Amino acid sequence: MQSQSTQVVIVGGGPSGLLLSQLLHRAGIDNVVLERQTRDYVLGRIRAGVLENGFVDLMRRAGVGERMDRDGHEHHGFHIAYQGRLDRIDLAGSADGQTVMVYGQTEVTRDLYAARDAMGGKIVHEVADVALHDLKTDRPYVTYDLHGDTHRIDSTFIVGADGFHGVSRKSIPADVLREYEKVYPFGWLGVLSETPPAAAELIYAQHDRGFALCSMRNAKLSRYYIQVPLTDRAEDWSDEAFWEELKRRLPVDVAEGMQTGPSIEKTIAPLRSFVAEPMRYGALFLAGDAAHIVPPTGAKGLNLAASDIHYLFEGLSDHFLRGDDEALEGYSEKALARVWKAERFSWWMTSLLHQFPDASPADLRLQQADLEYLFSSDAAQASLAENYVGLPY
Ligand code: RFL
Ligand code: PHB
């Protein structure tokens, strides 16, 4: 067994883990990131595309904002299409001038890896059988296998940033952990294509055939999603079938004007609302998808990971640099208060825009009234905008 020690072990080298690692390192706090996959695998995941201001600020604070500020696109609004109409949510006008940044999770992760490399950050890839030990003591440790050898790292704290399927949350005893879950009866089929975006701003479409979303990564790269039954398989959807179905769900002029091309990625993601409480167990702190999942409709998943990391970084730096544990003690409560509000928003936006297979005629009329209310009320639009740009930390 090979042993080492550090101040914080971070399980998971996705955006949450890497961002925390970078912030801690810059504050002089030693840490090691353990990642199950290869770097190429992590960078191959096409996920989030819309960043809140809070995330953007945190990237800058971590010294990794340069490429994002240069290549990211600030969006002042987005569209909602329904019943042949295309209405705009004016984010900047409704939410005190606040906007969002369109910059892909792949690029965020790439920038974070580059920054970690430049500072000599310790990231161990392809670890297997990660196990957390003695979490209720002040001498916790982590063991893992790497290429057949067993390793041990002793630390003061362990951060579980290992996503929904990670080992960290499962290390909290069942009689301590409370899990809240809502599974939706559909998924999103997503396609990435090297074509110009259908429109300058995102379009969320509510349609009798199901939800659709037109998003983008840059002027030459588009990202589209359509709601599909959970029984569908991505490989059964040809590119032609995807484009045809997408266009049927969009306003005619958008559909007629858009460019299509070969897909360079095509996957189906199930939709789920999930929260695990508490987000701390002894020396273990959960962050990001390890603790909570939102359906992607409000673009909140990665952004919630960022607010967790913000609170956790404050707590850990106060502990190590000032000997003050107040922020760390309050981490779970503070993070969860913001998490539940984002859960509410993502559930609401999902309910507003999707077709639910078991919806009654009354449900459909209520959904329609919700949309009509939204576009007849400045207050309702301001509420949507306030949540979309991100509630304050
Ligand atoms: P991740 O990205 O899942 O990273 C966790 C990492 O932990 C590793 N891991 C382990 N490592 C060691 N030992 C183990 N036992 C391990 N088990 C797992 C994994 O390999 C992985 O590298 O979680 P993190 O860092 O918390 O980041 C969360 C975000 O990835 C996620 O919330 C977003 O992608 C959600 N999301 C969106 N969020 C937004 O804010 N805006 C969006 O526009 C948006 N769009 C989306 C999305 C997610 C989507 N999918 C596919 C779920 C669109 C989609 C389609
Ligand atoms: C994306 O571009 O991948 C994206 C954008 C907005 C969402 C979800 C995903 O709500």
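A charge sits over a ring if NZ of Lys or CZ of Arg is within 6 Å of the ring centre and within 35 degrees of the ring normal. Keep that rule in mind for the start of this tour. The model you have open is predicted.

**Stop 1: charges over rings**

Select Lys-300 and Tyr-388. Lys-300 lies over the face of Tyr-388, at 5.4 Å from the ring centre. Now select Arg-152 and Tyr-141. The charged end of Arg-152 sits over the Tyr-141 ring, 3.6 Å from the ring's centre.

**Stop 2: the sheet**

Switch to a cartoon view. Look for an open sheet of 8 strands. Trace the order S7-S6-S15-S16-S17-S14-S18-S21. The pairing is mixed. Which strands stand at the edges? They are S7 (85-90) and S21 (292-293). Each has a single partner strand, so one side of each is left without a neighbour in the sheet.

Strands of a sheet pair through backbone hydrogen bonds, either parallel or antiparallel.

Zoom in on S16 (residues 212-218) and S17 (residues 221-228). These two run antiparallel, and 6 bridges join them. Pick Ser-215, then find its bridge partner in S17, Arg-223.

**Stop 3: helices across the sheet**

Select residues 239-248, helix H7. H7 lies across S14 (178-193), S16, S17 and S18 (263-277). Its angle to S17 is about 80°.

Next, select residues 361-374, helix H12. H12 lies across S6 (77-82) and S15 (203-206). It runs at about 140° to S6.

**Stop 4: aromatic pairs**

How many aromatic pairs does a search of the whole structure find? The search finds 18. Visit two of them.

Start with Tyr-204 and Tyr-388. Their rings are edge-to-face, 6.1 Å centre to centre, with 90° between the planes. Tyr-204 lies in strand S15 and Tyr-388 in helix H13 (residues 378-389), so the pair ties together parts that are 184 residues apart in sequence. Are these residues buried or exposed? Buried means under 20% relative accessible area. Tyr-204 has 1% relative accessibility, so it counts as buried. Tyr-388, at 2%, counts as buried too.

Move to Tyr-224 and Trp-243. This pair is also edge-to-face: 5.4 Å centre to centre, 80° between the planes. Tyr-224 lies in S17 and Trp-243 in H7, so the pair ties together parts that are 19 residues apart in sequence. Both Tyr-224 and Trp-243 are buried.

**Last stop: a ring cluster**

Show the side chains of Phe-78, Trp-188, Tyr-204, Phe-211, Tyr-225 and Tyr-388. Ring pairs link these residues into a cluster.

Conventions. Residues are numbered from 1 along each chain as its sequence is written. Chains are lettered from A and ligands numbered from 1 in the order in which they are written. This is a predicted model: local features need pLDDT of at least 70, side-chain atom pairs count only at pLDDT 80 or more; totals for chains, interfaces and linings use all residues. Side-chain values use heavy atoms; hydrogens and water are left out. Two strands pair if DSSP finds at least two bridges between them. Helices (H or I, at least four residues) and strands (E, at least two) are DSSP runs, numbered from the N terminus. Contact means heavy atoms within 4.5 Å. Axes are lines fitted to C-alpha atoms, for helices over the stretch in contact, and angles run from 0 to 180 degrees between N-to-C directions. Rings of Phe, Tyr and Trp (its six-membered ring) pair if their centres lie within 6.5 Å; planes under 30 degrees apart count as stacked, over 60 as edge-to-face and the rest as tilted. Buried means under 20% relative accessible area, exposed over 50%, partly exposed in between (1.4 Å probe, protein chains only).
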